[in-house]
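Subject: Structure handover

Dear colleague,

The sequence and the structure are below. My notes on what was found follow them.

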Amino acid sequence: MRIRYLAMILASSFIGILSNPEFLAASDSILVSDLDRTNITETKLSNIEFKIAESTPEVVTKTVIKAPVAGVAKVKTEVIKNKIVFSWGEQTLKNVASTSVDSGKDVARVGKLLWAHENTAFNNIKKLKIGDTFSVVENGVAKKYKVAKNPINQMASVKLQATKKSMYHESVGEIYINAMTDRGFGGHDLVLMTCDGNNSRFVVVADAF
């Protein structure tokens, strides 16, 4: 009895499905009721171009630091000055043609005789003692000298009286200038001379060593 009843229910359900097939059909539309369709317009997307923006290539700038162009090296030409160098300092030495030339602020030289003013280049030679040394630099070559005894009184220095053409000492008489420029005043290598009051000369002799 129960089996018969279930069979009847299944049969009636199958008949209902066959009479309404759209009930099981899938649909992608949505039924909207009560919609006012008078102001609805259709919008179409047509002829729309999609452009891919082209990227601007990155510009890389480089700062190039140029090394300075090496120029021709300048050679410094140093003028070598002749000079006489004492323990208290040095003085410029210039060779001149005659003993009549004023030495100015420097030391002038003719042969073996060197002279300068007592208040400039030779302001300290009166302090020289026997055995004191100094140098004479000429053409870049230095030569050393030592104070010796003078031929008149055997001291480190001697005072002479000056005349127009020569000098004078009471013990030996006149002393001609060539005795100093050529023969070095008693055969010495150098003679240093400066003023010493009115018409007087202060003389120091020296020998190379």
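Where is the place of Lys 164? Lys 164 sits in the loop between β7 (157-162) and β8. Helices (H or I, at least four residues) and strands (E, at least two) are DSSP runs, numbered from the N terminus.

Two notes on the source. This is a predicted model, in which local features need pLDDT of at least 70 and side-chain atom pairs count only at pLDDT 80 or more, while totals for chains, interfaces and linings use all residues. Residues are numbered from 1 along each chain as its sequence is written, and side-chain values use heavy atoms, with hydrogens and water left out.

Lys 164 counts as exposed because its relative accessibility is 88%. Buried means under 20% relative accessible area, exposed over 50%, and partly exposed in between (1.4 Å probe, protein chains only). Between the C-alpha atoms of Lys 164 and Asn 199 there are 9.5 Å, although the two are 35 residues apart along the chain. Asn 199 belongs to the loop between β10 and β11 and is exposed, with a relative accessible area of 53%. Its phi is positive, about 55 degrees, although Asn 199 is not a glycine.

The chain overall

The protein chain has 3 helices and 11 strands, in the sequence order α-β-β-β-β-β-β-β-β-β-α-α-β-β. Of its 209 residues, 26% are buried. Among contacts (heavy atoms within 4.5 Å) with a separation of 6 or more, 48% join residues 24 or more positions apart.

Nonpolar cores

A nonpolar core is a set of buried Ala, Val, Leu, Ile, Met, Phe, Trp, Tyr and Cys residues joined through side-chain atoms within 4.5 Å. The largest has 20 residues, and those touching the most other members are Ile 84, Phe 86, Val 107, Leu 114, Phe 122, Phe 134 and Leu 192. At least two residues of this core come from each of β1 (83-86), β5 (133-138), β6 (141-147), β10 and β11 (200-208). The most come from β11, with 3 residues.

Phe 86 touches Phe 122, Ile 125, Leu 128, Phe 134 and Leu 192, not counting residues up to four places away in sequence. Apart from this core lies another, of 17 residues, including Ile 175, Met 180, Phe 185 and Val 203. Phe 185 is in helix α3 (residues 184-187) and counts as buried, at 6% relative accessibility. Phi of Phe 185 is near 55 degrees, a positive value in a residue other than glycine.

Ile 84 lies in strand β1 and is buried, with a relative accessible area of 0%. Leaving aside neighbours within four places in sequence, Ile 84 is in contact with residues including Gly 89, Leu 93, Val 107, Leu 114, Phe 134, Val 136 and Leu 192.

Thr 194 is in strand β10 (residues 190-195). Thr 194 counts as buried because its relative accessibility is 2%. A polar atom of its side chain lies 2.8 Å from the backbone oxygen of Ala 116, and the side chain of Thr 194 also reaches the backbone nitrogen of Glu 118, at 2.9 Å. Beyond its neighbours within four places in sequence, Thr 194 is in contact with residues among them His 117, Phe 122, Ile 125, Ser 200 and Phe 202.

The largest pocket

On a 1 Å grid over the protein atoms alone, a pocket is an open set of points where a 1.4 Å probe fits, with protein on both sides within 12 Å along at least five of seven lines; lining residues have an atom within 4 Å of a point. The largest pocket holds about 480 Å³ of space, the volume being the space filled by probe spheres set on the points. Of its 21 lining residues, Thr 99, Trp 115, Ile 177, Met 193 and Arg 201 are the closest to its centre. The strand that gives the most to the lining is β10, with 3 residues.

Regards

Key
A polar contact is a pair of N or O atoms within 3.5 Å; within protein, one must be able to donate a hydrogen and the other to accept it, and residues adjacent in sequence count only if both atoms are side-chain atoms.
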